[in-house]
Amino acid sequence: MSEGLAAGLASLNMDTNADGGIVTEIQSRHGHSAQPESQQVLAVLQAVLEVINAEGMAATPTTIFAALMSALDRPDAQGSAVTAQAMCTVLGVTLTRVPNSVLRAKFVSSVQLLGKVVAMHKQQAPACKGALLCLGQVLAAVEPGAWHAAVPGFQLLLSFLTDARPKVRKRAQSSLTDILAALQNTHGTLASASEAVVALCKVVLPGPAAAARAAAAASNKQRAAAESAIAAAVSDVLHLLAALKTAAPLMAGSSLPQLVDALMKLYALHQPLLSHHTSEVLAELAASRNSHVTPAQLSQLLTMIVDKEAATLLSGSGSSSSAAGGDQLSAMTRLLESGLCRLAEVQSDAAAKLLPRVVHLMVPLLAAEQDGVRYNASGALQSLIKECLTPQLVVAMQQQQQQQGMPSLQSLVAA
């Protein structure tokens, strides 16, 4: 920190306990940096503390929040990307310490202001990223029953999930996860937020197929543009799938059938990279003990996978000769392993029906070309036998064999 800023902060004679550690955290992050961005952050912090001190108030998280929002509301502050970035940096540290009751009291105005800052500086990655962080923090504090006030800001945040800039995109993805996590005990609000995510999926996920159809009908002159459109659509899907890996397990159960349906359609494209990441999303959803997927939904999902995608891919129709093909096989293996282990915990009779079929599909992978595929298949089979083949599941398999003549145990041993 420059000597002038250090002296300025020291001269305020602050109660270092009252601010909840805001000043200490910012000083530790930026106090030893000579970068202009860090110096701007420290200057904003000093100016805010001086204003609070002049008003005769203690610098608490609430008063710092109020002073920053008031300053950020000024046109001169909004108009400068550098100033907006610095203010959002200080605000981001502050918001983690502001009580939800305070954020809810100022919810509508805060969402509107931060949404305005995001939109104004969407082309400036550092300022946009900082504003998205703050917007997400405020949205996570939404009061149950007040989701309508959050919708514009939430929709704005969702629009950055497929942004081409990695830092901006990852900030939006992380904020989405934080918001959904904060809504876990507010079922109606979680359902509304989840529906918004599904709506985005319905727009983005069909993109590659639509672009491919357009390319097939394109003239030779339009070929280059059509191929670029396919690449852009695939990129958007991959970015959205990255967000869903952490978001899907947190989404409301009522939204999951539509989400799964949209994801399953990606397998029909027979694109190894898309199939790989689709399987990873479904694996996270299926394996999570905190997800809202019901035992019936999980059983239905795994049955669809085994009947269609896994049966085709793991039986040899999918290629494992390339790195992408190998990753696709390994991701499918992990999906079946994690999903079936979870199903065995919650619905042993359904798992008993699927286990022999899954084992039969996986055993041939022990002779796959790629080391990684063989290794993952071996690990998955060991896990299935160790984790799934519980006494309860063995009883369920025996009952099925007696009632329906299904030689499940013999089939499992034969594999």
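Modeller: Happy to. Let me begin with a term: two residues are in contact, or touch, when they have heavy atoms within 4.5 Å of each other. With that in hand, take Thr189, which touches Val142, Pro144, Gly145, Trp147 and Leu183, not counting residues up to four places away in sequence. Thr189 belongs to helix 12, residues 187-204; helices here are DSSP runs of H or I with at least four residues, strands are runs of E with at least two, and both are numbered from the N terminus. Thr189 is buried, at a relative accessible area of 7%, where buried means under 20%, exposed over 50% and partly exposed in between, with a 1.4 Å probe and protein chains only.

A word on the ground rules. This is a predicted model, in which local features need pLDDT of at least 70 and side-chain atom pairs count only at pLDDT 80 or more, while totals for chains, interfaces and linings use all residues. Residues are numbered from 1 along each chain as its sequence is written, and side-chain values use heavy atoms, with hydrogens and water left out.

The pLDDT, the predictor's confidence in each residue from 0 to 100, has a mean of 88 for the protein, and 88% of residues reach 70 or more. Confidence is highest in helix 11 (residues 166-182), with a mean of 98, and lowest in helix 22 (residues 408-414), with a mean of 49. The protein has 22 helices and zero strands. Of its 415 residues, 49% count as buried.

Now to the empty space you asked about. Rolling a probe the size of a water molecule over the atoms shows where empty space is left. On a 1 Å grid over the protein atoms alone, a cavity is a set of points where a 1.4 Å probe fits but cannot get out; a pocket is an open set with protein on both sides within 12 Å along at least five of seven lines, and lining residues have an atom within 4 Å of a point. Points are joined across faces, edges and corners, and a volume is the space filled by probe spheres set on them.

The largest pocket holds about 430 Å³. Its lining has 22 residues, and Gln85, Thr89, Pro126, Lys129 and Gly130 are the closest to the centre. Helix 2 (22-30), helix 3 (36-54), helix 6 (81-95), helix 9 (125-139) and helix 11 each supply at least two lining residues. By class, this lining has eight charged, seven polar and seven nonpolar residues; Ala, Val, Leu, Ile, Met, Phe, Trp, Tyr, Cys and Pro count as nonpolar, Asp, Glu, Lys and Arg as charged, and the others, Gly among them, as polar.

Gln85 and Thr89 turn up again in the lining of the largest cavity, along with Glu37, Gln40, Val41, Val82 and Ala86. Helix 3 and helix 6 each supply at least two of its lining residues, with helix 6 giving the most, at four. The cavity lining divides into three nonpolar, three polar and one charged.

Elsewhere, the second largest pocket has about 260 Å³. Among its 14 lining residues, Pro257, Val260, Asp261, Gln300 and Met304 lie nearest the centre. Helix 15 (256-267) and helix 17 (295-317) are the elements that give two or more residues to this lining. Eight of these residues are nonpolar, two polar and four charged.

His270 sits in the loop between helix 15 and helix 16 (272-287). His270 is exposed, at 62% relative accessible area, and its phi is near 55 degrees, a positive value in a residue other than glycine. Leu354, in helix 19 (residues 348-362), is buried at 4%. Beyond its neighbours within four places in sequence, Leu354 is in contact with Ser299, Leu302, Thr303, Val306, Leu340 and Leu343.
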